[in-house]
Amino acid sequence: MNNPPVRYPLAIFDFDGTLADSFPFFIANFNRIADRHRFSRIREEEIEALRGCGARELMARLGIPFWKLPLIARSFITLMKDNQAAISLFDGVPSALSCLARRDVTLALVSSNSHANVTGILGHHCRHFRYVDCGASVFGKAARLRKILRTAGVPPGQAIYIGDQPTDCEAAHAADMAFGLVSWGYGSAHAFRGFRPQAHFDQVKDLCRIAG
Ligand SMILES: O=C(O)COP(=O)(O)O
């Protein structure tokens, strides 16, 4: 990991692929949702290449128009709601969250997933989060980040958004915040070519370094 140059008093987390290991569930259900919403199915051997695409490129390759995104997101969210037990947090996430909370980092979460799924999967680890903002559109996270900054009264330069997708990085930078990229998420390193995350986290336990 590149050590963050400063301690970040406010750390905002993405959920899927960052805290929750939902990629296997996403892939297992992908073609079912593709059939329902009439976009391209994927084959096992395409997955790695698709993880290297940004959201716009992915949508173009799969034939997903923007207007279908909320409908597709809703289908995944509903499916996940009925299968929450199949999704767990990445190993080490609970101790990383309690380490940060213990060291007085304010924790928040901005996700495009639903509040019910996020809180259901986090379970009692939810207690570490001061702010939880769910239901953001994939391209609409910057406004949610700004709202948390305002509510928390923290200047953007003292906050970091930690996520796994290029859209997360774009949102953080649009909100003038630092972005921390995790290596265990949906997006592969190739998807981040041309992006400049302020921090890289190679292992979950590295997240504790946000506390300085
Ligand atoms: O990383 C993403 O953009 C997707 O994750 P989210 O569902 O928690 O928003």
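**Spaces and rings in a predicted model**

Before going on, two remarks on the source. This is a predicted model, where local features need pLDDT of at least 70 and side-chain atom pairs count only at pLDDT 80 or more, while totals for chains, interfaces and linings use all residues. Residues are numbered from 1 along each chain as its sequence is written, and side-chain values use heavy atoms, with hydrogens and water left out.

Back to the largest pocket, which has a volume of about 190 Å³. Residues in its lining include Leu-69, Pro-70, Arg-74, Val-138 and Phe-139. Domain 1 (10-21 + 87-211) and domain 2 (23-86) both contribute to this lining, so the pocket lies between them. The domain bounds come from an automatic or database domain assignment.

What is the difference between a pocket and a cavity? On a 1 Å grid over the protein atoms alone, a cavity is a set of points where a 1.4 Å probe fits but cannot get out, and a pocket is an open set with protein on both sides within 12 Å along at least five of seven lines; lining residues have an atom within 4 Å of a point. Grid points are joined across faces, edges and corners, and the volume is the space filled by probe spheres set on the points.

The whole structure has one cavity of 30 Å³ or more. The volume of the largest cavity is about 840 Å³. It is lined by 38 residues, and those closest to its centre are Phe-26, Leu-58, Val-138, Gln-165 and Tyr-186. Helix H4 gives the largest share of the lining, six residues. Sorted by type, the cavity lining has 25 nonpolar, seven polar and six charged residues. Where does the largest cavity lie? Domain 1 and domain 2 both give residues to its lining, so it lies between them.

Now the rings. Rings of Phe, Tyr and Trp (its six-membered ring) pair if their centres lie within 6.5 Å; planes under 30 degrees apart are stacked, over 60 edge-to-face, and the rest tilted. The count by this rule is 11 aromatic pairs. In one of them, Phe-66 and Phe-139 have ring centres 5.4 Å apart and planes at 45°, so the pair is tilted. These two residues are 73 residues apart in the chain. Phe-66 is exposed, at 52% relative accessibility, and Phe-139 is partly exposed, at 30%. The cut-offs are under 20% relative accessible area for buried, over 50% for exposed, and partly exposed in between (1.4 Å probe, protein chains only).

Phe-179 and Phe-192 have ring centres 6.1 Å apart and planes at 15°, so that pair is stacked. Both Phe-179 and Phe-192 are buried.

Ring pairs also join Phe-23, Phe-26, Phe-30, Phe-39, Phe-76 and Tyr-186 into a cluster. Arg-51 lies over the face of Phe-23, 5.7 Å from the ring centre. The rule for a charge over a ring is NZ of Lys or CZ of Arg within 6 Å of the ring centre and within 35 degrees of the ring normal.

Note on methods:
Helices (H or I, at least four residues) and strands (E, at least two) are DSSP runs, numbered from the N terminus. Ala, Val, Leu, Ile, Met, Phe, Trp, Tyr, Cys and Pro count as nonpolar, Asp, Glu, Lys and Arg as charged, and the others, Gly among them, as polar.
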